Amino acid sequence: MTPPLIGLLDCNNFFVSCERLFRPDLIGKPVLVLSSNDGCVVARSQEVKDIGVSMGVPYFQIKDIIQKHDITVFSSHFALYRDLSRRVFSVMRSELEVVEQYSIDEAFFRIEGEPLEVAFRVKLAVEKAVGIPVSVGVAPTKTLAKVANDRAKKSAGIHVLDTVIWRERAKKVPLAQIWGVGGKSELRYKQHGLQSVADLLQADPARVTKLFGIGGWRLQQELAGISVLSLQQKHDPQRSVMSSRSFPKTTTERSVLADAVSYHIRHAAADLRAQAQLAARLTVTIRPNRHGDFILRGGTKEVVLAVPTDDTFVLLEVAKNILFELYEAGVPYKKAGVVLSGLIPAGGGEQSLFDQAELGRHNSILAVVDRLNKREGKEVLLIGSRLSTHKWQALAEVCSPAYTTRWREIVTVNAK
Ligand SMILES: [Mg+2]
């Protein structure tokens, strides 16, 4: 029996498509989305790509081009994107047996049945239910499914890779175009004379392993159509939860950092509760400006928690202590963040050491907080923030409304 094929579904220009969903007047027109703090371009519509605007280019550099081509610009609106992302994957999970989410807008899945038929069915289901255009690539391996998906995007939105033709054309495909190859690894392959996919396919596997390690061998196998990067059979709960962000301006104030860290703790802990997990470890990071004399300052510290927890109050206390240890007066900090790791499923009885009464009180407060904040799509109830400085927060000057996540901004459709 031949092993099952792997599909990759990828949303087209995801952030742009999310914005267009509520602004259909922008379909076919140039649209771009900026990073938080409106720093640089993080998503482009096809029209913007055709104009020649690159990914990651700073906003201020292209203000003229934006005006000249009448490009519509949005700030990143992550609550909206996350919400639509969840919808995409829930449709996929209802249509397919094995789905492995890979990023906010991509998921691998197992093809069961006729490949074209399955690809078409899932594409149609997502587009109909969510309204976001998607592309589907199908191939024997994850790495080739990525290749197939790129081709799908350039054609009708579906591409089933023919491995015979793939091998014939492998000479013309640079290794640098392949998923996972880039930067240092690209350079290392080049140094050993491997430029194209064909070069790697023809190399002796033992030599490949010796030169590039297990990663090189895996890549060779995957490109040859032998699947070694398996699909995760079940939805794998996340291994860690993180929240971090750069500040629009550097700060030397401890109180501002404390405000930022407590914001991140509240968000990460709410994510943890939504996934029914507890964290055993907490990491706090504060980072100085990359440019300048302070690059080596600041830092990161991880602590193992006394008891795995999802309790915002407990995490805030620990995080504050870590921050105060890390903080150095006079250093211009540019970023703060937290990571909750060592995750285990909640409800395993780990909390028995706690004072049950207090825990119960925290849990019911947190349940109310989560419900309200989720409904509003932003923090209406804050825990542990005594400051309202928000000096470090994103300047979302052109943010689209929270169409799907905030009641007050939900679109009203008038049926005639
Ligand atoms: Mg995409």
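This report looks at a magnesium site and a pair of helices in a predicted model.

## About the model

Residues are numbered from 1 along each chain as its sequence is written, and side-chain values use heavy atoms, with hydrogens and water left out. Because the model is predicted, local features need pLDDT of at least 70 and side-chain atom pairs count only at pLDDT 80 or more, while totals for chains, interfaces and linings use all residues.

## The magnesium site

Let's start with the metal. Asp10 (OD), Cys11 (O) and Asp105 (OD) coordinate the magnesium ion at 2.1 to 2.4 Å (donors are N, O and S atoms within 2.8 Å of the metal, or 3.2 Å for Na, K and Ca). The spacing of these donor residues in sequence is D-C-x93-D. Asp10 belongs to strand β1 (residues 6-11) and Asp105 to the loop between β5 (99-103) and β6 (106-110), so the pair ties together parts that are 95 residues apart in sequence (strands are DSSP runs of E, at least two residues; helices are runs of H or I, at least four).

Are these two aspartates buried or exposed? Asp10 is buried at 10% relative accessibility, and Asp105 is buried at 13% (buried means under 20% relative accessible area, exposed over 50%, with a 1.4 Å probe and protein chains only).

## Where two helices meet

Now for the helices. The axes of α4 (residues 78-95) and α5 (residues 115-130) come within 9 Å, as lines fitted to C-alpha atoms over the stretch in contact.

In α4, the residues that meet α5 include Leu84, Val88 and Glu95; their partners in α5 include Arg121, Val122 and Ala125 (contact means heavy atoms within 4.5 Å).

Terms used: Axes are lines fitted to C-alpha atoms, for helices over the stretch in contact, and angles run from 0 to 180 degrees between N-to-C directions.
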